Amino acid sequence: MQKSSISKDCVFPGVWQKYADEYADSLRMPEEYFGEIAKRALYWKRPWDKYFEYDPPLHRFFIGGLTNYSYLLDVHEKSWRKDKVALYWEDEFGNARTISYHDLFREVNGFAQVLKNLGVKKGDRVGIYMPMVPEAIVAIFAAHRIGALHVIVFSGFGAEGLASRLDDSKSKLLITADGTFRRGNFLELKKIADSALEKAVSVEKAIVLKRGNEGKADMKKGRDFWWHELMAEVPNNMHVEPEWLEANDPIYIMYTSGTAGKPKGIVDTSSKLVWLYANMLWAFDLNRENRKRETWFFTGDIGWAGGMWFTVYTTALFGLSSVFYEGAPDYPKPDKFWELVEKFKATVFYTSPTVFRLCMTYGDEWVKKHDLSSLRAIGSVGEPLNAEVWNWTFEVVGNRKVPVIDTYGQTETLLTILPPYSIDKIPLKPGSATLPVPGIEASVLDEYGQPAKTGEKGVLVYKVPFKVPSIFLTVWGGVERFGEKNWRGDNEFVNSVYYDAFKGYFNTSDAAMEDNDGYFWLLGRADDTLKIAGHRIGTAEIENAFLFHSAVGAAMVVGKPDVLRGELAVSFIVLKPGNNPSIELAEELRRTVRKALGAFVVIEKVYFVKRIPTNRSGKVVRRVGRALVRGLPLGDTSTLDDPTTIPELRNAIKDSGY
Ligand code: ATP
Ligand code: MG
């Protein structure tokens, strides 16, 4: 960390002494450092009395401070930003709407009154099962304005997924729409919601937005209300005083992606938004000047943490103009995202590695057709961004001029490792998310809980207590006692998942390695590590090696027990268009992997498939492949994006592969 020069494999050489100094300051005087950031991030109706309190495993920050995030809209309303575009919305057909900060302010206040009229109050949970339309953002702000917790459920979920989240959170109200357009078809969300509401009996009322042209949803009398009819009942210039919340009052329940198993209901507070502000400032250099001109484009759905943070909240925290797109990345054509970047002159394009991989598979010409010169930064989040994909993005999307910023984090902690760009233009290394941000004491431990050697793979952990508002409050639970002063959520579960494995540390359950320069390399989930003939290797590393072959579009690798070698790697491969499965190709792929990683990496099987299982936030769900090759129960499959991948994998295994 003290070095002033950095090894040769850096791109965008820069300096990092300033980062090192600031990092040291943040640990030495967290209160001064983050107190300053908190004042800039949010409006405080009442200042906090105490910065920090640790009541294991719960962390609390800005104790006694009163705030309400939705008041930022009032701040914008009173400034020059009033007429600035907040959202450039577009759908798959090219229909567009432009929403100003004033529009947002008006709609949020009106809808907050609608919610009050329906009896929603502080602490109630409100399910939001909405398409990617501006009203979804209005609903989130409005629920928050009156102190209710929002529970956003991705609109791609079926009735089971929706019902289980509404039931778990004991939501009182559901906000939904008659439907949404996906790949050109109208998907009737209200029908799905109706069947979910048969099971989620805590929900007393539903508000339905008319998104389809017909608006033909079945409305249950006394339970269901049309959005536009309720809005017509409130005065035009309605102003609803925000419910001033203590900084540690829960503000939402966000379910994790369910990559490792059953999704966890992460409960957060307003103090997390201070951390979000700091994260975005560090990663994307959202200084005062950039902020004025920024047209921000985060592509993720609002139904997962990334979409909620990086579109809904980031937009208003910094007063940005954001592109908000309802539809698939490759519909109607594979260049939909690039078309949007060009059309709205996006300055930041922020997405997941899945999107970059998908675009790589379609070929460079779809990107090169467009003028992407407005971009000043490209961001990635959600999965390891390996060097192959990093380089492609840097060359093809950024034209070698734009930094590609890999940001690592979890629903639980938000971002923790990323290039702190605004502190200084620190050097980037393709494939590394770079350095821990101020306030986060990250390290890598080996399987015995000892610090791993430089360059050695282990589990990424953070020192506890956290002295910064990165950490979530708790996991949702103990609903009967919710609202009481000593409510602690599911305390025991929190300890068992995050704190018990390594004493004194928060366990991310992700594999990582720290290099000579103190840079962190994220290597996939700790569970996804194989031990072949005594060598530990991450499935993600083997997948990357497959991608070195020009025929491979995507790869998933899982382990299978083997008496002789301990474990073997089994692979599922998606070929790029124009390539066909064959024994020869399978052999070539094995050679490519061996050449890259060493002869010990034995690929027992190559199964060629059309798609690999991903979840709704686009992450590869290896545990499904692992269960299938081992003949074990599949576990929770409700978060899979396309359940037909299961029979496809099963058939490939039955046909015995290559
Ligand atoms: P669950 O906790 O239910 O298994 P999940 O961990 O996928 O689901 P999220 O909180 O959405 O749910 O995702 C966080 C995880 O995503 C991280 O733990 C890590 O595995 C992965 N991840 C996110 N960003 C990056 C990144 N930049 N590089 C590597 N991995 C990343
Ligand atoms: Mg997780």
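How many nonpolar, polar and charged residues does the lining of the largest cavity have? Six nonpolar, six polar and two charged. Here Ala, Val, Leu, Ile, Met, Phe, Trp, Tyr, Cys and Pro count as nonpolar, Asp, Glu, Lys and Arg as charged, and the others, Gly among them, as polar.

Some ground rules. This is a predicted model: local features need pLDDT of at least 70, side-chain atom pairs count only at pLDDT 80 or more, and totals for chains, interfaces and linings use all residues. Residues are numbered from 1 along each chain as its sequence is written, and side-chain values use heavy atoms, without hydrogens and water.

Now the cavities. A cavity is a set of points, on a 1 Å grid over the protein atoms alone, where a 1.4 Å probe fits but cannot get out; lining residues have an atom within 4 Å of a point. Volume is the space filled by probe spheres set on the points, which are joined across faces, edges and corners.

The whole structure holds four cavities of 30 Å³ or more. The largest has about 130 Å³. Of its 14 lining residues, Phe157, Thr256, Ser257, Gly303 and Trp304 lie nearest the centre.

Last, helix 16, residues 491-499 (a DSSP run of H or I, at least four residues; strands are E, at least two; both numbered from the N terminus). Val494, Tyr498 and Tyr499 are buried, meaning under 20% relative accessible area with a 1.4 Å probe, protein chains only.

Key:
Chains lettered and ligands numbered in written order. 1 Å grid on protein atoms, 1.4 Å probe; cavity = no way out; pocket = protein on both sides within 12 Å on 5 of 7 lines; lining within 4 Å. Buried < 20%, exposed > 50% of the residue type's maximum accessible area, 1.4 Å probe, protein only.
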